[in-house]
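Here's a quick tour for anyone meeting this structure for the first time. Have a look at the model, then read on.

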Amino acid sequence: MKEVEFVSETATGYIEEKTISEMFFKSKGRLNRLRYFKRRVVLGILLYVFIYLGYRVLGYEYGQDNFYAATYNTIVSLLFIIPTYFLNVRRLQDMNRGKTLAVVYAILTSIMAFMDFTGVNYMLYIALTFVTIVFMLSGYMLVVPGTQGKNRYGASPI
């Protein structure tokens, strides 16, 4: 029986993403630490730009109770969870892990998005933010290297 080989653009079998859809909305394959970091930075900047512009349009000022600003913030934050989820899945696949932690991260960030809308205790919000950032970004996703060579999710992205 003949083995099927990867069709690729590189000698290693890794196919480079070229479109926005492939970069941010694809769940198959692997994503190394540098590409993951760059794409998370882009998403973070876009998120804050959208929230800042929305707040300016809605006339929100810090410290105000504004239902429309809170609703806008929740919707925008929830929309940005989708590409972040896909990036996390691919980063975990690079480490030869399943997507369980990506699901946990999506749930935590969804809860945090609704906290702003419901006006929940800020200390709880800060604690969840700290756990999410330390656990997912600095503590795990950006520090642990991917597996060397091919793994069950595809060719090495390096």
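Let's begin with how the chain folds back on itself. Taking contacts (heavy atoms within 4.5 Å) between residues at least 6 apart in sequence, 70% of them join residues at least 24 apart. A word on the ground rules: this is a predicted model, where local features need pLDDT of at least 70 and side-chain atom pairs count only at pLDDT 80 or more, while totals for chains, interfaces and linings use all residues. Residues are numbered from 1 along each chain as its sequence is written, and side-chain values use heavy atoms, with hydrogens and water left out.

The protein has 5 helices and 0 strands, so named from DSSP runs numbered from the N terminus (helices are H or I, at least four residues; strands are E, at least two). From the N terminus on, that reads α-α-α-α-α. Of the 158 residues, 36% count as buried. Buried here means under 20% relative accessible area, exposed means over 50%, and partly exposed is in between (1.4 Å probe, protein chains only).

How do helix 2 and helix 3 sit against each other? The axes of helix 2 (residues 33–58) and helix 3 (residues 67–94) come within 10 Å and cross at roughly 170°. The axes are lines fitted to C-alpha atoms, for helices over the stretch in contact, and the angles run from 0 to 180 degrees between N-to-C directions. The two helices are therefore roughly antiparallel; angles over 145 degrees get that label, under 35 is roughly parallel, 65 to 115 roughly perpendicular, and the rest oblique. Their contact involves 15 nonpolar, 5 polar and 5 charged residues. In that count, Ala, Val, Leu, Ile, Met, Phe, Trp, Tyr, Cys and Pro are nonpolar, Asp, Glu, Lys and Arg are charged, and the others, Gly among them, are polar.

Next, the core. A nonpolar core is a set of buried Ala, Val, Leu, Ile, Met, Phe, Trp, Tyr and Cys residues joined through side-chain atoms within 4.5 Å. The largest one has 18 residues, and Leu 87, Leu 92 and Met 141 have the most contacts inside it. Helix 2, helix 3 and helix 5 (122–141) each supply at least two of its residues, with helix 3 giving the largest share, 6 residues.

Now for a few individual residues, with their accessibility side by side.

| Residue | Relative accessibility | Class |
|---|---|---|
| Ala 69 | 1% | buried |
| Asn 151 | 14% | buried |
| Asn 96 | 30% | partly exposed |
| Arg 33 | 35% | partly exposed |

Ala 69 is found in helix 3. Beyond its neighbours within four places in sequence, Ala 69 touches Tyr 55, Leu 58 and Tyr 60.

Arg 33 belongs to helix 2.

Asn 151 lies in the segment after helix 5. A polar atom of its side chain lies 2.9 Å from the backbone oxygen of Gln 93, and a polar side-chain atom of Asn 151 is also 2.7 Å from the backbone nitrogen of Tyr 153. Setting aside neighbours within four places, Asn 151 is in contact with Arg 30, Gln 93, Asp 94 and Asn 96.

Most residues other than glycine have a negative phi. Asn 96 has a positive phi of about 65° although it is not a glycine.

Key. Polar contact = N/O pair within 3.5 Å; in protein donor to acceptor, adjacent residues only side chain to side chain.
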